[in-house]
Amino acid sequence: MAGRETQSIGTRLVVLVPYAWLVAFFLVPCLIILKISLSQTVLAQPPYEPVLDLSAGWAGIRDFLAGLSADNYATLAGDTLYLASYLKSLEVAALSTALLLVIGYPVAYAMARAPGRIQAVLVMLVILPFWTSFLIRVYAWIIILQGDGLFNRALGLVGIAPRPWLATDTAVYIGIVYSYLPFMVLPLYATLQKLDEALLEAAADLGCPRRKAFWTVTLPLSLPGAVAGGLLCFIPIVGEFVIPDLLGGSQTIMIGQTLWTEFFANRDWPVASAIAIVLLCVLVGPIAAFEHMRLRDARRRS
Amino acid sequence: MVRFEGVTRRYGDVIAVDCVSLDIAAGEFFALLGPSGCGKTTLLRLAAGFEHPDAGRVLIDGEDMTGVPPYRRPVNMMFQSYALFPHLTVAGNIAFGLRQEKMPRKAIDSRVDELMSLVRLEGLGGRRPHQLSGGQRQRVALARALAKRPKVLLLDEPLAALDKKLRDETQFELTKLQEQLGTTFVIVTHDQQEAMTVAHRMAVMDRGRLAQVATPAEIYEQPASRWVADFIGDVNLIEGVVEAIDAGLATLAADGLRLRAPAPDNVVTGRRAVLALRPERIRIAMAPQPDGVAGTVKDIGYRGDSVLYRVALASGAELKVSVAHRTRLADLPVGRGDRIFLAWPPDAGVLLTQ
């Protein structure tokens, strides 16, 4: 009896640890950002007010609450710069995710169809770029895409005149697709690899040729992988900062860059925080969809 | 209806199916039986078109199937894993084959309803496979395979995933269904009781070859070889030398015993042979019997509906004797260590030379 009780306390503690972690390092920081987004910027340390003064007791809390306002959100709504940034981010993320799907699906399909021994090697090759720092790989693209870079020289060999690639939308898409491809390929590969060969045989047996079976059986069954890969790419791409900053030009201002500018260049923490909160709200939809899909998939398998 | 002509299928060095010739008649319920790895599933997959013969050919309804892909063959298969499409409902699974034929929607719906009542799945059309029990899934797979009215239905271990009670029931349902539809059924199974229960005729396979093709009763009572006798059911195998053949009865000399059995044509005096004797054909007596042997009860195995005695003969050989159990265990007249006599009618045993 006593043993069972200690065990249940132990079990509860184990469950509590991840929750405590999430509260301390996710929920609390989120609330702090929410609070800053409701403050005003001032030239001080910290660069915003009101600051919660607990030593003043109830009066301090009342003053603090009275000082909060939604002015920063009004600023975001009032200036088209912010709306344009959000829309640009969503556009880049949507188009990149579509490109990633189109490129990643055949790769994952070929991997899943490869002989068993080769599959492990192929998975290794997909993961291989992670051995080099992400930043260095994006820098490498600068060298490839610059005016007299590898790309233009290669084009020159086939008689195409060199063009500026760097600081264009194309460069941003190249960088994003290159960087996020493993995150699309791996979940797709995982679902395609699990696909029971007998299902394709059953389709053939029932009068459905192999090519047609791809559309009637393989594709619908790989949808969870496509959704997982899509959200795994879409969500971080919306907030992407490094790639558009290094490869993009002034016409590609994504929300991550706007946020960075507000925070570091303008030292306007409250507006930067408001941008972050709005971004979070925009992304809650897809994240919830992802979670829903994952749970349903897990339930179906159990 | 299905005809294999000298069909061979190799995987590297392994010969899965070795020059098999076999004719399965229209309307027949035919079973392919054998231990795992004997090539029975490969034979079925050759008929379905998932495998291609390295030599020989497969004919279905008189037509050469060489080069005909699975989706153009007039056969349908029920898979061991059922292979139900998880993204489709029960009705969607059953309709899958009909949709490939571009059948009008109304016709598909009525055919699906017909099949669902045939396999007693009424009202479950909207469920997904993962919401069904094992027995229900099995029936969906069966309905799906029957939907296109195939000339031949191929069943790959269709009942292996069911528990014993459900399996016994389903065996009779399958027989009934086959009689009702008149379709040729070819079933692959490793369960000899299942094969004998459902099949009109069966083939026993061993290492890629057909060991015997006959009715279940013939295979049990007149096995063609020592291997078949040993594989099907329980058997006593007594080795000896044929001493004499007289009026169709051969006398086998084995370890000082003189045993008599009907002499098949290929038995020759002076040659070695094996007497295959089913345990349930042997009778136990307390007094010496003409043509009988004496022995001592070594062991008694209680099986509920029967009792299996292991009897040591004077020669040191051991015979298994199975007696239907009609009393209580405590009332058995024979105990361990008792001296008893065994006898059997002369036609009970089968003399085998190979």
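In which order do the strands of the open sheet of 5 strands in chain B lie? The legends below take up this sheet and several other close-up views. This is a predicted model, in which local features need pLDDT of at least 70, side-chain atom pairs count only at pLDDT 80 or more, and totals for chains, interfaces and linings use all residues. Residues are numbered from 1 along each chain as its sequence is written, chains are lettered from A and ligands numbered from 1 in the order in which they are written, and side-chain values use heavy atoms, with hydrogens and water left out.

**View 1. The open sheet of 5 strands in chain B.** The order is β15-β19-β16-β17-β18, with antiparallel pairing. Strands here are DSSP runs (E, at least two residues), as helices are (H or I, at least four residues), and both are numbered from the N terminus. Two strands pair if DSSP finds at least two bridges between them. At the edges are β15 (283–285) and β18 (318–324) of chain B, each of which pairs on one side only. Neighbouring strands of this sheet are turned by 45° against each other on average, direction ignored. For such angles, axes are lines fitted to C-alpha atoms, for helices over the stretch in contact, and values run from 0 to 180 degrees between N-to-C directions.

**View 2. Strand β16(B) and its partners.** Take β16 (residues 293–302) of chain B and look at β19 (residues 339–343) of chain B: the two pair in the antiparallel sense over 4 bridges. Here you can find B:Gly295 opposite B:Ile340 and B:Ala294 opposite B:Phe341. One partner to look for is B:Ala312 in β17(B), bridged to B:Thr296. A hairpin with 3 residues between the strands is formed by β16(B) and β17(B), and B:Gly304 in its turn has a positive phi of about 85°.

**View 3. A salt bridge within chain B.** The side chains of B:Asp54 and B:Arg9 meet in a salt bridge (3.3 Å, N to O). The term stands for a side-chain nitrogen of Lys or Arg within 4 Å of a carboxyl oxygen of Asp or Glu. This pair links distant parts of the chain, 45 residues apart: B:Asp54 is in the loop between α1 (40–48) and β4 (55–60) of chain B, and B:Arg9 is in strand β1 (residues 2–11) of chain B. A search of the whole structure finds 30 salt bridges over all chains.

**View 4. Where chain A meets chain B.** In contact here (heavy atoms within 4.5 Å) are 18 residues of chain A and 22 residues of chain B. The area buried between the chains is about 1800 Å², of which carbon and sulfur atoms give 63%. Buried area is the accessible area (1.4 Å probe) that two parts lose on being put together, summed over both. The rule finds 1 salt bridge across this interface, and A:Glu201 and B:Arg45 meet in a salt bridge at 2.6 Å, N to O. It also finds 7 residue pairs in polar contact, both residues at pLDDT 80 or more. A polar contact is a pair of N or O atoms within 3.5 Å; within protein, one must be able to donate a hydrogen and the other to accept it, and residues adjacent in sequence count only if both atoms are side-chain atoms. On the side of chain A that touches chain B, α9 (197–205) and α10 (210–238) each supply at least two residues, and α9(A) gives the most, with 7 residues.

**View 5. Backbone details in loops.** Most residues other than glycine have a negative phi, and most peptide bonds are trans. A cis peptide bond joins A:Gln45 and A:Pro46, with omega about -5°; A:Pro46 lies in the loop between β1 (40–41) and β2 (48–49) of chain A. Another cis peptide bond joins A:Glu49 and A:Pro50, with omega about 0°. In chain B, B:Tyr82 has a positive phi of about 75° although it is not a glycine.
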